[in-house]
Amino acid sequence: MHPISPAIYAMIAASVLPFLTAALAKIIGRFQIKDNESPRLFQQNLTGVAARIHAAQLNSYETLPVFLAAVLTAQYMVVPQPLINNLAWAYVFLRVIYVAAYALNLATFRSIMWTLAFTCPMYLFYVAASL
């Protein structure tokens, strides 16, 4: 049996990040049990930091499938494991910074973090296709 690679743990972390972000938006937005009756209405009424964190959470679902597919493709194509591990964790780290930048309303910096994070899986696809 082979040990689980750090990239797999990064996949787990990236998959959990949107849920943690959603929880943070709910905490900051003062989610109440009664809000669970109409959670979409609660989300639509968020403002300020809570609304920005919610938007970051939604964006996480847009890039997550590409990241997961890239890591699995790179592993399947036997891209060097240290490269996969480093890019996978770079993606997670950059996504965390992205959420913080979104929360702090740093629009340009946020866009740079999004681009850098998305470059990680794209580069994994590139390397896998080059083998």
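Predicted model: local features only at pLDDT ≥ 70, side-chain atom pairs only at ≥ 80, totals over all residues.
1. Start on the outside. Ile4, Tyr9, Ile12, Val16, Leu20 and Trp89 make up a nonpolar surface patch, and together they have about 570 Å² of accessible area. Helix α1 (residues 6-28) is the top contributor, with four residues. Trp89 sits in helix α4 (residues 81-103), and with 35% relative accessibility it counts as partly exposed.

2. Next, have a look at Ser60 in helix α3 (residues 48-76). Leaving aside residues up to four places away in sequence, Ser60 touches Pro18 and Arg95.

3. Now the rings. Searching the whole structure turns up six aromatic pairs. One of them is Phe67 with Tyr91: the ring centres are 4.1 Å apart and the planes meet at 5 degrees, so this pair is stacked. Phe67 belongs to helix α3 and Tyr91 to helix α4, so the pair ties together parts 24 residues apart in sequence. Both Phe67 and Tyr91 are buried.

4. Tyr98 and Tyr102 also form an aromatic pair, this time edge-to-face, with 5.6 Å from centre to centre and 90 degrees between the planes. These two are four residues apart in helix α4, which means about one helical turn separates them. Tyr98 and Tyr102 are both buried.

5. Finally, check the charges over rings. Arg110 lies over the face of Tyr102, 4.0 Å from the ring centre. Lys26 lies over the face of Phe31, at 4.8 Å from the ring centre.

Terms used
Residues numbered from 1 in each chain as written. Heavy atoms only, no water. Patch = residues over 30% accessible without salt bridge, like charges linked within 9 Å, V, L, I, M, F, W, Y side chains within 5 Å. Areas by Shrake-Rupley, 256 points an atom, 1.4 Å probe, with all protein chains shown as cover. Salt bridge = Lys/Arg side-chain N within 4 Å of Asp/Glu carboxyl O. Buried < 20%, exposed > 50% of the residue type's maximum accessible area, 1.4 Å probe, protein only. Contact = heavy atoms within 4.5 Å. Phe/Tyr/Trp six-rings, centres within 6.5 Å; stacked < 30°, edge-to-face > 60°. Lys NZ or Arg CZ within 6 Å of the ring centre and 35° of its normal.
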